[in-house]
Amino acid sequence: MMTAYYISVALIQLFLFVTLFRLWRKSGSIYAIFPLLVIAGIIYDNLIIGFGSFIGEGELLKMLNVPRFVIHAFLTPLIMIFAFGIARRCGVGFAQSRGWHMTICIFAFLMVLLGIYEELFKMNLVLKVEDGTMRYKNEPSSPPIPAVMTILVAMAMGIFVWIKTKKPWYFLGTLLMFIFAPLAPKFVWAGNLGEIFMNLGSVFAEKTAQDVKNN
């Protein structure tokens with residue numbers, strides 16, 4: 001049951017990737033590259049979990065699980081830069097400032113470093129079999145501070161974009177991620193669903209930024 005769920009999530013994320021990629025081809029914005037990288041990582045994450053039981057316990061599955069944490073550590077905070085870029089492209093006042101741009105980039109970089117320390121330097125992979133799936137989990141897991149800060153910054157930018165453009169979609173996508181993410185330890189499907197909403201919000205955000213430019 002859950003094997004099919006993870007594979008289905010990967011296919012949905014693939015659809016979002018293709019949609020966002022086509023939008024990026026139109027704008028050429030460097031900011032849109034960041035969520036594309038994140039979505040690609042999420043696709044890999046779900047496929048590895050979905051096919052884990054077919055691969056079976058052992059070093060191969062453990063090796064294939066390592067990039068899940070590498071991707072998470074390196075890429076997740078980059079969403080903050082994308083969110084700021086959307087605010088800038090939508091004409092939000094403070095987002096035009098180089099100082100704010102530098103601040104967001106430095107903060108994202110610091111969150112990447114923290115993620116690397118927590119996810120990679122302290123990595124301890126333990127086999128987890130759950131609802132027909134098999135994967136290696138990083139334990140003991142630390143509070144996901146980089147992920148939480150990323151969502152909060154993205155939500156804040158979503159509010160400014162909403163005020164500026166009268167379009168709430170990016171804020172709603174990040175808000176749903178914020179709501180569903182804490183439920184993931186208890187309800188395994190919640191985190192994946194939250195990621196779908198957030199990435200759907202990224203697609204709408206990129207479309208909104210392009211509409212602003214064209215108008």
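This section walks through the packing, ring pairs, pocket, cavity and backbone features of a predicted model. Local features are considered at pLDDT of at least 70 and side-chain atom pairs at pLDDT 80 or more, whereas totals for chains, interfaces and linings use all residues. Residues are numbered from 1 along each chain as its sequence is written, and side-chain values use heavy atoms, with hydrogens and water left out.

A nonpolar core is a set of buried Ala, Val, Leu, Ile, Met, Phe, Trp, Tyr and Cys residues joined through side-chain atoms within 4.5 Å. Buried means under 20% relative accessible area, exposed means over 50%, and partly exposed lies in between (1.4 Å probe, protein chains only). In soluble globular proteins, nonpolar side chains tend to be buried together. Here the largest core has 32 residues, and those with the most contacts inside it are Ile 81, Phe 82, Ile 86, Ile 104, Met 157 and Tyr 170. Two or more residues of this core come from each of α2 (33–55), α4 (78–89), α5 (98–121), α6 (145–165), α7 (169–180) and α8 (188–214), with α4 giving the most, nine residues. Elements are DSSP runs numbered from the N terminus, with helices (H or I) of at least four residues and strands (E) of at least two. Leaving aside neighbours within four places in sequence, Ile 81 is in contact with Tyr 31, Phe 34, Ile 104, Cys 105 and Ala 108, a contact being heavy atoms within 4.5 Å. Another core, of 10 residues, lies apart from the largest one and includes Val 9, Ala 10, Leu 20 and Val 203.

Asn 199, in helix α8, counts as buried at 3% relative accessibility. The side chain of Asn 199 makes a polar contact with the side chain of Gln 13 at 2.9 Å. For such a contact, a pair of N or O atoms lies within 3.5 Å; within protein, one must be able to donate a hydrogen and the other to accept it, and residues adjacent in sequence count only if both atoms are side-chain atoms. Not counting residues up to four places away in sequence, Asn 199 touches Gln 13, Leu 16, Ile 39 and Ile 42. Thr 165, in helix α6, is likewise buried, at 15% relative accessibility. A polar atom of the Thr 165 side chain lies 2.7 Å from the backbone oxygen of Val 161, and this side chain also reaches the backbone nitrogen of Lys 167 at 3.2 Å. Beyond neighbours within four places in sequence, Thr 165 is in contact with Cys 90, Thr 208 and Val 212.

A search of the whole structure finds 11 aromatic pairs. Rings of Phe, Tyr and Trp (its six-membered ring) pair if their centres lie within 6.5 Å; planes under 30 degrees apart count as stacked, over 60 as edge-to-face and the rest as tilted. Phe 21 and Trp 24 form a tilted pair, 5.5 Å centre to centre with 45° between the planes. Both lie in helix α1 (residues 2–27), three residues apart, about one turn of the helix. Phe 21 is partly exposed at 31% relative accessible area, as is Trp 24 at 22%. Phe 94 and Trp 100 form an edge-to-face pair, with 5.3 Å between centres and 70° between planes. Phe 94 is partly exposed at 23%, and Trp 100 is partly exposed at 44%. Ring pairs link Phe 94 and Trp 100 with Phe 84 and Phe 160 into a cluster.

Grid points are joined across faces, edges and corners, and a volume is the space filled by probe spheres set on the points. The largest pocket has a volume of about 1,600 Å³. Of its 49 lining residues, His 72, Glu 119, Pro 144, Ala 184 and Glu 195 are the closest to its centre. The largest cavity has a volume of about 40 Å³ and is lined by Val 161, Lys 167, Trp 169, Tyr 170, Phe 204, Ala 205 and Thr 208. The largest share of this cavity lining, three residues, comes from α8.

Finally, most residues other than glycine have a negative phi. Asp 131, not a glycine, has a positive phi of about 50° and is found in the loop between β1 and β2. Lys 166 has a positive phi near 70°; Lys 166 is found in the loop between α6 and α7 and is exposed at 65% relative accessibility.

Conventions. 1 Å grid on protein atoms, 1.4 Å probe; cavity = no way out; pocket = protein on both sides within 12 Å on 5 of 7 lines; lining within 4 Å.
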